[in-house]
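Colleague: Hi! Could you walk me through this protein, starting with any word I need to know first?

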Amino acid sequence: MKQVDNGDIGRRVKEVRKKKGYSQQELADLLGKSLRTIQKYENGEIQITIGMINSIAQKLGTTSTYLLGYETGNKPIHSLSDIYKVFFQMEKVKGLEFSIDVKKPNRDGKWQCSITFDGNLRSAKWNSSLCSFLEDWDEYRDEFRTYMISKQRYDQWKDETLAYHSNSELQLEEPDDLDRTTRLARKNELLNKLFAETSKNE
């Protein structure tokens, strides 16, 4: 996990509080906290929970990601290559495994493609997090598209989700660049394994 700097968070809370014209006591009253607790938050003396960061962000009209110092990177997507680049990066994340499913057009003309994460795969520790995120996203996205929630609430959920996971630091690794002999040997091992599994199931 990435180390969170309480001092930096506290400085940003103080900066936004002052811009909004609140005293420390007024912020304490809004949050149902003591003045001393707010002072400790702003001085970086104690860690602020993600739930409290979300509450402070709402009361001060800012974002949780800003208070945490997480760069949301509002870089515009200019082309499909920008999206493809994210997919290629996913391939390098240790602890994340996925399959690509392609259903080519058949008689009914349907053409469907998907990326699937097995949430129960123990060798991929981030898969369950991805599955939980996609489940939540599906729910919030559906509620927004069916006018159950406002855009503000939808954006708030996105910000809180980014903030919550901003210290989940990932490790990247490049795939092995194998010589021809090793690559062919690995290919034969894989084919033998697949053949053995197929024979067992028949």
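Modeller: Happy to! Let's begin with a definition: a residue is called buried when its relative accessible area is under 20%, exposed when that value is over 50%, and partly exposed in between. Please also keep in mind that this is a predicted model.

Colleague: Thanks! Are Arg 17 and Glu 42 buried or exposed?

Modeller: Both Arg 17 and Glu 42 are buried. They also form a salt bridge with each other, and their closest N and O atoms are 2.5 Å apart. This pair links distant parts of the chain, since Arg 17 sits in helix H1 and Glu 42 in helix H3 (residues 35-43), 25 residues apart.

Colleague: What lets side chains pair up like that?

Modeller: Side chains of opposite charge can pair when their charged atoms come close.

Colleague: And how many salt bridges turn up in the whole structure?

Modeller: A search of the whole structure gives 6 salt bridges. One of them joins the side chains of Asp 8 and Arg 11, at 2.2 Å from N to O. These two residues are both in helix H1 (residues 6-20), 3 residues apart, which is about one turn of the helix.

Colleague: Is Asp 8 buried, exposed or partly exposed?

Modeller: Asp 8 counts as partly exposed, because its relative accessibility is 28%.

Colleague: Which residue does Glu 15 form a salt bridge with?

Modeller: Glu 15 pairs with Lys 19, with 3.4 Å between the closest N and O atoms. Both belong to helix H1 and are 4 residues apart, about one turn of the helix. Glu 15 is partly exposed because its relative accessible area is 32%, while Lys 19 has 68% and is therefore exposed.

Colleague: Okay, let's zoom out. How many helices and strands does the protein have?

Modeller: The protein has 9 helices and 2 strands. Along the sequence, their order is α-α-α-α-α-α-β-β-α-α-α.

Colleague: What about its overall dimensions?

Modeller: The C-alpha trace spans about 70 × 45 × 35 Å along the principal axes. The radius of gyration is 23 Å, whereas a compact globule of 202 residues would have one near 17 Å. As for burial, 21% of the 202 residues count as buried.

Colleague: Which element gives the most to the patch?

Modeller: Helix H6 does, with 6 residues. Helix H6 (80-90) and strand S1 (99-103) each supply at least two residues.

Colleague: Where does Trp 111 lie?

Modeller: Trp 111 is in the loop between S1 and strand S2 (112-116). With 62% relative accessibility, Trp 111 is over the 50% cut-off, so it counts as exposed.

Colleague: And which residues gather in the patch of negative charge?

Modeller: That surface patch brings together Glu 135, Asp 136, Asp 138, Glu 139 and Asp 142. Glu 135 is part of helix H7 (residues 127-145), and it counts as exposed because its relative accessibility is 58%.

Colleague: Changing topic: what is the phi of Tyr 147?

Modeller: Tyr 147 has a positive phi of about 65°, although it is not a glycine. For background, most residues other than glycine have a negative phi. Tyr 147 is in the loop between H7 and helix H8 (151-165). Its relative accessible area is 75%, so Tyr 147 is exposed.

Colleague: Is Ser 168 buried or exposed?

Modeller: Ser 168 counts as buried, because its relative accessibility is 19%. You will find Ser 168 in the loop between H8 and helix H9 (180-201). From C-alpha to C-alpha, Ser 168 and Met 52 are 18 Å apart in space, and in sequence they are 116 residues apart.

Note on methods:
Residues are numbered from 1 along each chain as its sequence is written. This is a predicted model: local features need pLDDT of at least 70, side-chain atom pairs count only at pLDDT 80 or more; totals for chains, interfaces and linings use all residues. Side-chain values use heavy atoms; hydrogens and water are left out. Patches are made of residues with over 30% relative accessible area and no salt bridge: like charges are joined within 9 Å, nonpolar side chains (Val, Leu, Ile, Met, Phe, Trp, Tyr) within 5 Å. Accessible areas come from the Shrake-Rupley method with a 1.4 Å probe; for residues, only the protein chains shown count as cover. A salt bridge is a side-chain nitrogen of Lys or Arg within 4 Å of a carboxyl oxygen of Asp or Glu. Lys and Arg count as positive and Asp and Glu as negative; His and the chain ends are not counted. The place of a charge is taken as NZ of Lys, CZ of Arg, CG of Asp or CD of Glu. Buried means under 20% relative accessible area, exposed over 50%, partly exposed in between (1.4 Å probe, protein chains only). The radius of gyration is taken over C-alpha atoms; the globule rule is 2.2 Å times the number of residues to the power 0.38.
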